[in-house]
Amino acid sequence: MARLSGLRKCPEFFSFTVLCAAFSAINVAQAEPLALSGELTNRFSDNTELTSSDETSDAETRVNLTLAHQTDPGECEASTAASVGYGVWYNETYDPQDYASLDFSGDCALARGLSWEVSDYLRDVAQNARASDTPDNRTRKNIFRTGPVYSLMLGDLDQLTFSAKYGNTEFSEPEDRDSERYIGSASWNHIFSQTLSGGLQFSTNRVELDTGAEIDTDVASVLFSKSWRATRFSGSVGVSQLESRVGANSQSSDGVVWDFSLERDINAVTQAFIRASRELTDQTSDFDIRFGEFVFNLRETVAVEVTALDAGISRQFSDASRVSVGVFANRSDYLSTDEVEDKVGISVNYNRTISALLSLQTRARYQYRTFDADGLNDSTYRADIGLLYELTRDLGLNGRIGHTTRTSDLSSNEYQENWISLGLAYQFF
């Protein structure tokens, strides 16, 4: 299974807490030391509610803790990246906020070829894609999955893999739909050469929403993977059928689905990638976790056809600076209402080490969205610049200033915001 790295609370969801503790106990003898850091940040905004008129200024003070941990290789392995924070607004524009994110994956070998996998992902996500990104428009989404995976080698070149998983998606806001999910899959993979492999996969996915609605999704696809000296290409293409049922009413949709990933090392200091996916799915799935620029509109009906593309290139220069450019595009087609939402954009990041203790970070981003149902379009521009200064080996001071502008066909959706933040970060161990 894929390993996670990087920084992202064990959530208050009981099912995950028990299993998280179990994996920690199993791995305590062979675990690598935790990396734990804390940060105190003050952020002032001249338009805290992101409104087109009667702007409100306020400042938030936030305390944040982050940790990362990955066990040593063994019969049981786990990787955790978590962040938890708490923020208070000086003028009480919003109630005190708690923040959390989590990436956890773990597996244990039970017998030869048989393992048990657990994963949990936690994010703050937008409820209404059309509204501004404020605390009043956010909900916490937790996706938990667990189940056995069995792999059987048929000679040296063929492998069969079977998996069965139970999943649970919960939102912190009661008006958002929670769900239980049952996933089964079977795949065959054949190694054609040292650089080429391919196979077939069949999967079935049943979702039961707490509203009583049910969604069944079946997918049959061809898998492929090819690598060259500096290039790696993998993906799948197939057909999918989705059936949703609400009481006595049902609706069926089908279509071609695919996903692919291409990575290339252009030279020793330049790398590029492109990845894309098209799926028939629902808003309780993990699609928005896998494609971070993609946002489900939780105010629309559940069944949705989603398409997303990300591409980027990064280059390291001899003066210790790095530039990365990314482009993205995605579409949400809500099948019950024929609502279509499109988003395209570009981002540019520039980082440079000015001295042994001082570094510069700049970011710029443009996003264009269209809402087909009412013909509305909007554009959002963001830019900020920051400095990071290392006071000691474990203590750092950072400052950042930024600006955001949104223009829209609907004047009430427009706003401008200027903000500044100062933070103190400490690496505990």
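1. Disulfide. A disulfide is taken here as a pair of cysteine sulfur atoms within 2.5 Å. Under that criterion, the search of the whole structure returns 1 disulfide, and the bond joins Cys76 to Cys108 with an S to S distance of 1.8 Å. The torsion about the S-S bond of Cys76 and Cys108 is about 115 degrees, so the disulfide is right-handed. Cys76 lies in strand 3 (residues 76-89) and Cys108 in strand 4 (residues 97-111), so the pair ties together parts that are 32 residues apart in sequence. Helices (H or I, at least four residues) and strands (E, at least two) are DSSP runs, numbered from the N terminus. Cys76 is buried at 9% relative accessibility, and Cys108 is buried at 10%. Buried denotes under 20% relative accessible area, exposed over 50%, and partly exposed the range in between, with a 1.4 Å probe and protein chains only.

2. Basis and confidence. The structure is a predicted model, in which local features need pLDDT of at least 70 and side-chain atom pairs count only at pLDDT 80 or more, while totals for chains, interfaces and linings use all residues. Residues are numbered from 1 along each chain as its sequence is written, and side-chain values use heavy atoms, with hydrogens and water left out. The protein chain has a mean pLDDT of 89, and 93% of its residues reach 70 or more; pLDDT is the predictor's confidence in each residue, from 0 to 100. Over residues 1-30, pLDDT stays under 50, and the model has 72 contacts beyond four places in sequence for this segment. A contact means heavy atoms within 4.5 Å.

3. Gly147. This glycine is placed in strand 6 (residues 138-154). With 2% relative accessibility, Gly147 counts as buried. Apart from neighbours within four places in sequence, Gly147 is in contact with Ser115, Trp116, Glu117, Ala164 and Lys165.

4. Nonpolar surface patch. Trp188, Leu200, Phe202, Val222, Val237, Val239, Val256 and Trp258 form a nonpolar patch on the surface, and together they have about 670 Å² of accessible area. Patches are built from residues with over 30% relative accessible area and no salt bridge; like charges are joined within 9 Å, and nonpolar side chains (Val, Leu, Ile, Met, Phe, Trp, Tyr) within 5 Å. The areas come from the Shrake-Rupley method with a 1.4 Å probe, and for residues only the protein chains shown count as cover. Strand 9 (196-209), strand 11 (231-246) and strand 12 (249-267) each supply at least two residues of the patch. Trp258 is located in strand 12 and is partly exposed, with a relative accessible area of 30%.

5. Salt bridges. The count comes to 31 salt bridges, a salt bridge being a side-chain nitrogen of Lys or Arg within 4 Å of a carboxyl oxygen of Asp or Glu. One of them pairs Arg138 with Asp133, the closest N and O atoms being 3.0 Å apart. Arg138 is partly exposed at a relative accessible area of 26%, and Asp133 is partly exposed at 45%.

6. The side chains of Arg232 and Glu263 meet in a salt bridge of 3.2 Å, N to O. This pair links distant parts of the chain, with Arg232 in strand 11 and Glu263 in strand 12, 31 residues apart. Arg232 has a relative accessible area of 32% and is partly exposed; Glu263 is partly exposed at 37%.

7. Asp310 and Arg275 meet through their side chains in a salt bridge of 3.3 Å, N to O. Asp310 lies in strand 14 (residues 303-316) and Arg275 in strand 13 (residues 270-282), so the pair ties together parts that are 35 residues apart in sequence. Asp310 is buried at 10% relative accessibility, whereas Arg275 is partly exposed at 27%. Elsewhere, salt bridges that share partners join Arg206, Glu208, Glu214, Asp216, Glu243 and Arg245 into one network.

8. Glu279. This residue is found in strand 13. The C-alpha atoms of Glu279 and Glu305 are separated by 5.9 Å, although the two are 26 residues apart along the chain. Beyond neighbours within four places in sequence, Glu279 is in contact with Val257, Phe287, Arg290, Val304, Glu305 and Val306.
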